[in-house]
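Here is my notebook from a first look around this model. Do keep the 3D view open beside it and follow along.

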Amino acid sequence: MILHETDASEMSRKVRSLRPLVQCITNHTTVNDCANLLLAAGASPTMAHHPEEMEEIQQGCSALVCNLGALEDLQAMKLAVKTAAACGHPIVIDPVGCGGSSFRRKSFRELVAAGRPSCIRGNASEIEALAKNSATVTGVDAAASALEQTRAAAMRLAQELGCMVIASGAVDIITDGKTVFEEPGGDEMMPLITGTGCMESCLLAAYLAAENSLQSAACCMRAMALCGERAAAQTRREGKGTMTFRTHFIDEMYLLERE
């Protein structure tokens, strides 16, 4: 299933209208870009991560993101997930590096046990590693994987956990275990800057706070792809490189659906 552009536009405007507050316990390497992307999209970020403030902070938020690139904050994540689940807030888990780390796969299962997530978003290798509970690649980059294999792994994981699963790549796979959206797009420059996936997961939380649905998740992925395409085109016109692309990418998110 392919998302209609009108639906994606309406959801982007809904996020700007509601301005959800998203708690991001995310990779320190990418925390600044995650916060800036949320602001550009019309949402509000908080990067609070101390265990003793988790209950109070999450009660005042609209959604939660837990990124396994920040496992030094695992205890805080568990407390935040428990509170978010009790409050009925959308929870997004980004299983970064799970394809090459049994510790991260174990930590992922501990988070899921603390409270059922709304959405798991990772690259193909990470999603397949979680579906099989075994290593697929060393490091955090995606290995080459057949689309059919990734789709099957995403659907299996979604059915097991009872949540949405997204495997991002040249074609994003978005599924709840029954329905599948497949969204092509984006640009080859996107994986050349650190944190595109982290930003994607944070934006997903904002979209799910606006509407906790599979279609909303697909709209988020379409927005990311569109901004990547526009930013890359502008960067190439200027004859510039990846750091210019990074700036243009956040600019394009700010300009998305503005009159």
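**Helix 2 and helix 10.** I found helix 2 at residues 31-41 and helix 10 at residues 242-255, packed at an angle of about 30° with their axes 7 Å apart. The axes are lines fitted to C-alpha atoms, for helices over the stretch in contact, and the angles run from 0 to 180 degrees between N-to-C directions. The two helices are therefore roughly parallel to each other (under 35 degrees; over 145 is roughly antiparallel, 65 to 115 roughly perpendicular, the rest oblique).

Next I listed who makes the contact (heavy atoms within 4.5 Å). Helix 2 brings Asp33, Asn36, Leu37, Ala40 and Ala41, while helix 10 brings Arg246, Phe249, Ile250, Met253 and Tyr254. I sorted the residues of this contact into 7 nonpolar, 1 polar and 2 charged. In this sorting, Ala, Val, Leu, Ile, Met, Phe, Trp, Tyr, Cys and Pro are nonpolar, Asp, Glu, Lys and Arg are charged, and the others, Gly among them, are polar.

**How I read the model.** It is a predicted model, so I note that local features need pLDDT of at least 70 and side-chain atom pairs count only at pLDDT 80 or more, while totals for chains, interfaces and linings use all residues. Residues are numbered from 1 along each chain as its sequence is written, and side-chain values use heavy atoms, leaving out hydrogens and water.

**Helix 4 and helix 5.** I then turned to helix 4 (residues 74-87) and helix 5 (residues 102-114), which pack at about 25° with axes 8 Å apart. This pair is therefore roughly parallel too, and helix 4 passes helix 5 in a right-handed crossing. Leu74, Met77, Lys78, Val81 and Lys82 of helix 4 meet Ser107, Glu110, Leu111 and Ala114 of helix 5. By class I have 5 nonpolar, 1 polar and 3 charged residues here. Helix 4 also lies across strand 1, strand 3 and strand 4 (91-94), running at about 155° to strand 3.

In what order do the 8 strands of the open sheet come? I read 2-1-3-4-5-6-7-8, with mixed pairing (two strands pair if DSSP finds at least two bridges between them). Strand 2 (44-46) and strand 8 are the edge strands, each pairing on one side only. The twist averages 20° from one strand to the next.

Strand 1 (residues 21-25) and strand 3 (residues 63-67) pair in the parallel sense over 4 bridges, and Val22 has Ala63 as its bridge partner in strand 3.

**Around strand 7.** Is strand 7 largely enclosed or open? It is largely enclosed by the rest of the structure, because 4 of its 5 residues (171-175) are buried (under 20% relative accessible area; over 50% is exposed, in between partly exposed, with a 1.4 Å probe and protein chains only). Strand 6 (residues 164-168) pairs with strand 7 in the antiparallel sense over 3 bridges, and a hairpin joins the two through 2 residues. On the other pairing, strand 7 and strand 8 (residues 180-184) are antiparallel over 5 bridges, with Asp172 partnered by Glu183.

Terms used: A crossing is left-handed if the near helix is turned anticlockwise from the far one by less than a right angle, and right-handed if clockwise.
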